[in-house]
Amino acid sequence: MTDTVSAEQERREADLVERVVRSFDDCSDPRLQQLMTSLVRHLHAFAREVRLTEEEWTKGIEFLTAAGHMTDDKRQEFILLSDVLGLSMQTIGINNEAYGDATEATVFGPFFVENSPEIPLGGSISGGAAGEPCWVQGSVSDSAGNPVPGARIEVWEADAEGLYDVQHDDGRTAARGHLFTDAEGRYSFWGITPTPYPIPHDGPVGKMLAAVGRSPMRASHLHFMVSAEGLRALVTHIFVRGDELLDSDTVFGVKESLVKGFERQAPGSPTPDGRAVDGSWSRVGFDIVLAPAGT
């Protein structure tokens, strides 16, 4: 609060906060009451600290309205907003507390799609998407080191153009799929070598980033979502070691433990499964450790 606010003005503003908070006294859900009253206190504290003008608040409402209009079944502008403000990563950290050597979680992102195609071990998720082939292999284990057979692994990524399949207008399904670990907890598949790309920045979130001088670029990455009975579900990605955007990922998703070496292989190099590849390809290993459910 600025020094120019009189004691009487401060009293009036504080009184309003308390009256709004008391309006939730009859809420029958204690958790909902906690959320709403804390939200009120923090929102009012923000408005009072910056001495929010009516014009600025109108602009804020217009921004949120525009984000709502931009959101549809293929694009979630509010997830983008949460991501670029770091709120997604903060919430993920709160809800995925460190547990032994369990793999760290990171942002979900707005481009996951249910009912991805199932592929066999060693199969390809590319679906014709443009990009350099990449062999991905690893294992899934619990925090005690036991292999996890039958773990479901969802994977998805952008193509070489920096676009996810849902951003194309032809209804394609590409660069996404799911598979299951074998009896020893191992998995492998062909994907695409990740490349950097911008988050969608033709909407209100992009305009906000431009206004404050921030880049919309994401570091190169490959998404994973891993689930198995009795274990904590994991949403994460792996990033490409050496990517110049690792320190400026616009959604703050990079964690050092998730940076992996994607080793480029020369054209003609033999592949792990004998597949013929036209040109260069890459390979990466990613061993996943799941924490117990409820931790």
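Q: Which residues line the largest pocket?
A: Keep in mind that this is a predicted model. Around the largest pocket, the lining consists of L39, K59, G60, E62, F63, L64, F78, L81, S82, L85, L87 and M208, and the space inside comes to about 550 Å³.

Q: Which helix gives the most to the lining of the largest pocket, and what classes of residue are found there?
A: Helix α3 gives the most, with five residues, while α3 (54-70) and α4 (77-84) each supply at least two. Sorted by class, this lining has eight nonpolar, two polar and two charged residues.

Q: What is the volume of the second largest pocket, and which residues line it?
A: The second largest pocket has a volume of about 430 Å³, and among the residues lining it are R12, E13, L16, H44, R48 and W57. Two or more lining residues come from each of α1 and α2, with α2 giving the most, five residues. The classes here are six nonpolar, two polar and four charged.

Q: Which residues of α1 are buried, and why do they line one face of the helix?
A: A residue is called buried when its relative accessible area is under 20%, and in α1 this applies to E13, V17 and V21. Looking down the axis of α1, the buried residues fall within an arc of 80°, so they line one face of the helix. Those buried residues pack against α2 (30-50).

Q: How many residues does α1 have, and how far does it reach?
A: Helix α1, residues 7-22, has 16 residues and reaches 22 Å from its first C-alpha to its last, which is close to the 22 Å expected at 1.5 Å a residue.

Definitions and conventions
Residues numbered from 1 in each chain as written. Predicted model: local features only at pLDDT ≥ 70, side-chain atom pairs only at ≥ 80, totals over all residues. Heavy atoms only, no water. Helix = DSSP H or I, 4+ residues; strand = E, 2+ residues; numbered from the N terminus. Expected span 1.5 Å × (residues − 1). Buried < 20%, exposed > 50% of the residue type's maximum accessible area, 1.4 Å probe, protein only. Arc of directions from axis to C-beta. Contact = heavy atoms within 4.5 Å. 1 Å grid on protein atoms, 1.4 Å probe; cavity = no way out; pocket = protein on both sides within 12 Å on 5 of 7 lines; lining within 4 Å. Points joined across faces, edges and corners; volume = space filled by probe spheres on them. Nonpolar A, V, L, I, M, F, W, Y, C, P; charged D, E, K, R; others polar.
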